[in-house]
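Subject: Structure handover

Hello,

Please find the structure below. My notes on what was found in it follow.

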Amino acid sequence: MGNAVAIIGTGQTRHGRRSDACYPDLVREAVTAALEDAGITLADIDGVVLGTMPSMMEGVSSTHFYFAEALGSVGKPVLKVETCGSTGQSIGHCGFFWVASGMADIVLVVGSEKMSEGDGQATMTTVFDPFFQRTFAAGAPGVFTMQSMEWMYRFGIPEEKGREAAALISVSNHDNAMDNPHAHIRMRVTMDEVKNARVITYPVRLLDVCPASDGACAVVFASQKAVRKSGRKPAWIRGLGFRGEEFFYGESDKAVWMSATEAAGEAYRQAGIRDPLKELDVAEVYNPFTYQEMIFYECFGFCPRGEAPDYVLRGTFLKGGELPCCPSGGTLCTNPIGATGLIRMAEAALQVTGKAGERQVEGAKLALSHAMGGVDQFNGITIVGSTL
Amino acid sequence: MAKEYRTIRNDVALPYQWALGKTWTRFFDGLKEERILGTKCKDCGKVYVPARSFCPTCFTDTTEWVDVPPRGTLVTWTLVNASWYGQVKEPPYIVALIRLEGTDCDFHHYVDGFDITDEKERKRKLKTGAKVKAVWSPAKNADIRDIAWFAPVK
Amino acid sequence: MAREEHRIVKGQVLVPYELALGKTWSAFYDYLKEEKIMGKKCGRCKRVLVPPRSFCPRCFEDMEEWVEVSPEGVLETWVYVNMPFFAQEIRIPFISAQIRLDGSDSGFIHRVAGIDLQDFEKVREIVKLGGRVRAVWNPEKKGSILDIDYFEPVD
Amino acid sequence: MKRVAITHVAQSSGAESRESLMDFTYRVNKEILDKAGLRREEVGCIIAGSADVFHSGLSCANAFDWDGIGAFLKEGSRAEESAFSFIYGCMRILSGRYDTVLVTALVKGSENPDNDPVTGFYGDPFYLRPAGLNESVVAALQMRQYMERRGVTEEQCAKVAVKNLGNALFNPYADRKRRVSLEDVMNSERRYDPLKALECAPKSDGVVSVLLASEKRAKKLTKKPVWLQGYGSSMDHFHPGDRDLLNGRLPEAAKRAYAMAGIGNPRKEIDVAEVCEPYAFQELLWCEQLGFCGEGKGGTWIDSGASRMDGALPVNASGGVLATNPYPARGLYRIVEAALQLKGEAGEHQVGKPVRTALAHSTHGFGGQCHSVVILSA
């Protein structure tokens, strides 16, 4: 299957409202941390991959120019890869293929977003097609609510049960974020607080929704040779998949969500995973909305269709459960869009290398990371393992 | 942009609030006081203007601030006659690269202060290596236009 | 006076674009003016898509056949939007909805209205998933998606 | 090492299209799949090349691109500049995980504001943008230095436009088709003195596709595979003021590509080149830096006729970017034109000499901030 590739270092900024730093400085913060973690210098890097969401988020076009120095990319080949919210996974995949192609030994991959500088929902609305659907767009919450409602209706999930399970997801993610020094939202919330929070788009409430964060993440991909030389504990890339559906919302069935299902299926095939619930030790699912996280559990085969709320309420995905999900606090507590998918990958790598600190899942060897993009259009998955 | 086939107009208008960060905040505050501030890299010794939080070559943090004189020499220039949507300045105007004294990079700004539409004047005043000096705007907003332009000296 | 350590600069970016509709989408809007909702049918997978396509994104074949679909259909999902944001086109509150028009094989995005939208609790008594809705035409046709003014719940 | 080949190519005309960007994209990808006798399902992976929102007004351009490139439920991705997309596609093949990859670049320049306001957004909002920079302004700053420091004349720069627009008359896909004389170029509006209107590229529409395949698969798909021999790229400093505009990163990018391709003497070993010249003088500067002629010799080189369609090393036989400039797609257009020359399928603009090795170059950013060089062989 070609050359093996591993992650040997990761770096993240302190995520949150970072008006103390201009955008390039924020990017450099993550790059510096990743170099240190991998024990390498800029001279060791053969190529750099950058991705953000749409540049319209920050009002600067083609940011690989603006960040040339911050990425340490001057004099190096650069690739800019972007696929909306799934950017973080897509740039990780690009880093993988660059090394796997044999054209590089070490590739630095960087994702970033500085959402406090733009208008998140207004920007999101420009993703909707301007020919037919933009008129009716209500940013990200509108779409995710439509999808969640359709899903609950399809599988006959009572509103109360859905509400209860979503609230538990919010509570546990917020709890987990307390263990993550990089997380944006770090506060404990109770079930009642979630259930009584301000309605954003019914039934989705404020605490069901991710924040808009500033942040960057950098990940170092290395060939087998470079892994040996680094002496770092590697997180091997075991499987990856990326799938997209039609542009127009409504053409594909979002209650069973083929792109999410098939992206995971592809990654499982490559990693030789048959029973993800049993075989995976931890999952970092891209969960900007509590309800949506449950749809992902079903698409990824963690539980049968329509049964995610039951599994959630049983504690399957809690820390200490059968398959802990988002021990980092997830997207729900930190969402710098272009970085988010890569943060998931970095967190998965930290888990399988035993470097996740307070948020470590004991003995984790195989981890799934994920990101979603567009108007529910794209899904990307990467599986990392402590062994090849 | 009148077209003979059917189109939809799609204006993208978005508001922004861009963070300057510590280094550029100080740089622009300097302009307000009619000071041009650069930073010096402790590794390679180069002085950069505008000030940088890290050396673009060495990737190390810059800590030393330097006052740069508001004068330098002309490196290259162009007279902009074209106009486009959302242009920063009414054409014609001159955009130039200026090497400020004591710095190791070129500074982007406008050149003005004489009849720039007169070709002979341009030929006389805008020779490469010609001395120029900053002309300050009377009203200052702590931004790059606090320097109104650079004018040829003499 | 203490110096501000870091500042924020406010600005705006405005960029104008003019996007071609092309033959198929131009025709769709022409049909709307005649109060017809037209889809296109794929000769291979036989699906009828609204809005119509010049080609089937799955089969990657030209879609030649125009098919009129019903102005009535089933509400597949909806969202009650009561949050304001920059450059919103419809005044809040409004209902954004996905409707499976009879005779089509895709969800059509539009809005549900024609009822009192102010009180959400009352709205959810009337607007239900799986319920039927019907297009209400805008008497004034501009060749835009709002030539269908809205969809209203049936019975 | 594994090898990767271009088996098929397809391109649209650069002229304004009345089709929606989605349909416009579909036509070209349908064409390339038909040529290869493949259904989209049979392609391993599909990669788009398109710029961000500023070139389309659509955030997350990949979302809109997806249907037209034929990527429904396919493995795929998108890179922001088409030479990036091309090399990413090659990496996917070289990894051994895919036998075929379709790479498609797309844009409708006719729908967007001019290149000048669009490239102005490359600038940061604090310094370069309010200082009035865009790609044309920086090119003009660069041109003045080029003439003053290297002694190249304004007429010599203008000759590039005369040559390339002349070549474009023989390319059915070219956008700007107009025979111009040296006087026409010299007398055209001095938009960015010393740059003149006819020395600046237009803004074009364009969809262009290549089908890539592994060695084994390529030999089954076509009798005339075009092989990737070398690739090199390099990024320069963001502020043009931090660089020497005449000594950028192109020599470094070229050196990498030549090393990979085993080319020691580019002047002799490269038969034909497609060089990205959004501004006429840049063709001369880039050709110097690619090693086609000595430093400062760009002027005498164009005078010698070496880069003409019938010359020793034809450059931009297609008419280049001065004739057709679908901005984010222009890099892949260069690659496709180079491939057509190698296949001997360039039609009326096929160069006279035999073509065994070709160079394609792409650049974007202020004054050539980023350069990519691709070496292809028959």
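Chain D and chain B bury about 3300 Å² between them, and carbon and sulfur atoms give 59% of that area. Buried area here is the accessible area (1.4 Å probe) that two parts lose on being put together, summed over both. The size of an interface is often given in this way, as the accessible area lost when the parts come together.

Before the rest, some ground rules. This is a predicted model, in which local features need pLDDT of at least 70 and side-chain atom pairs count only at pLDDT 80 or more, while totals for chains, interfaces and linings use all residues. Residues are numbered from 1 along each chain as its sequence is written, chains are lettered from A and ligands numbered from 1 in the order in which they are written, and side-chain values use heavy atoms, with hydrogens and water left out.

**Chain D against chain B**

The contact (heavy atoms within 4.5 Å) takes 37 residues from chain D and 39 residues from chain B. The rule finds 1 salt bridge across this interface. A salt bridge is a side-chain nitrogen of Lys or Arg within 4 Å of a carboxyl oxygen of Asp or Glu. D242(D) forms a salt bridge with R52(B), and their closest N and O atoms are 2.5 Å apart.

Which elements of chain D each supply at least two residues of the side that touches chain B? They are helix 4 (115-120), helix 5 (135-150) and strand 5 (192-193). Helices (H or I, at least four residues) and strands (E, at least two) are DSSP runs, numbered from the N terminus. Helix 5 of chain D gives the most to this side, with 6 residues. By class, the side of chain D that touches chain B has 14 nonpolar, 11 polar and 12 charged residues. Ala, Val, Leu, Ile, Met, Phe, Trp, Tyr, Cys and Pro count as nonpolar, Asp, Glu, Lys and Arg as charged, and the others, Gly among them, as polar.

Strand 5 (residues 71-80) of chain B and strand 5 of chain D pair in the antiparallel sense over 2 bridges. Two strands pair if DSSP finds at least two bridges between them. Y192(D), in strand 5 of chain D, is the bridge partner of V80(B).

**Chain D against chain A**

Here the contact takes 56 residues from chain D and 57 residues from chain A. The two chains bury about 5000 Å² between them, 63% of it on carbon and sulfur atoms. L73(D), R97(D) and M235(D) supply 15% of the area that chain D buries against chain A, more than any other three residues.

Between chain D and chain A there are 3 salt bridges. One of them joins the side chains of R243(A) and E75(D) (2.9 Å, N to O). On chain D, helix 2 (61-68), strand 3 (76-79), helix 3 (82-94), strand 7 (226-235) and helix 9 (250-261) each supply at least two residues of the side that touches chain A. The largest share of that side, 6 residues, comes from helix 3 of chain D. Its residues divide into 28 nonpolar, 13 polar and 15 charged.

**Within the chains**

In chain B, 3 strands form an open sheet in the order 3-2-4, with antiparallel pairing. Strand 3 (47-48) and strand 4 (64-68) of chain B each have a single partner strand, so one side of each is left without a neighbour in the sheet. Strand 2 (residues 36-40) and strand 4 of chain B pair over 5 bridges. One bridge sets T39(B) against W65(B) in strand 4 of chain B.

Over all chains, the count comes to 75 salt bridges. Among them is D105(A) with K225(A) (3.2 Å, N to O). D105(A) lies in the loop between helix 3 (87-100) and strand 4 (106-114) of chain A, and K225(A) in helix 8 (residues 224-230) of chain A, so the pair ties together parts that are 120 residues apart in sequence.

Best wishes
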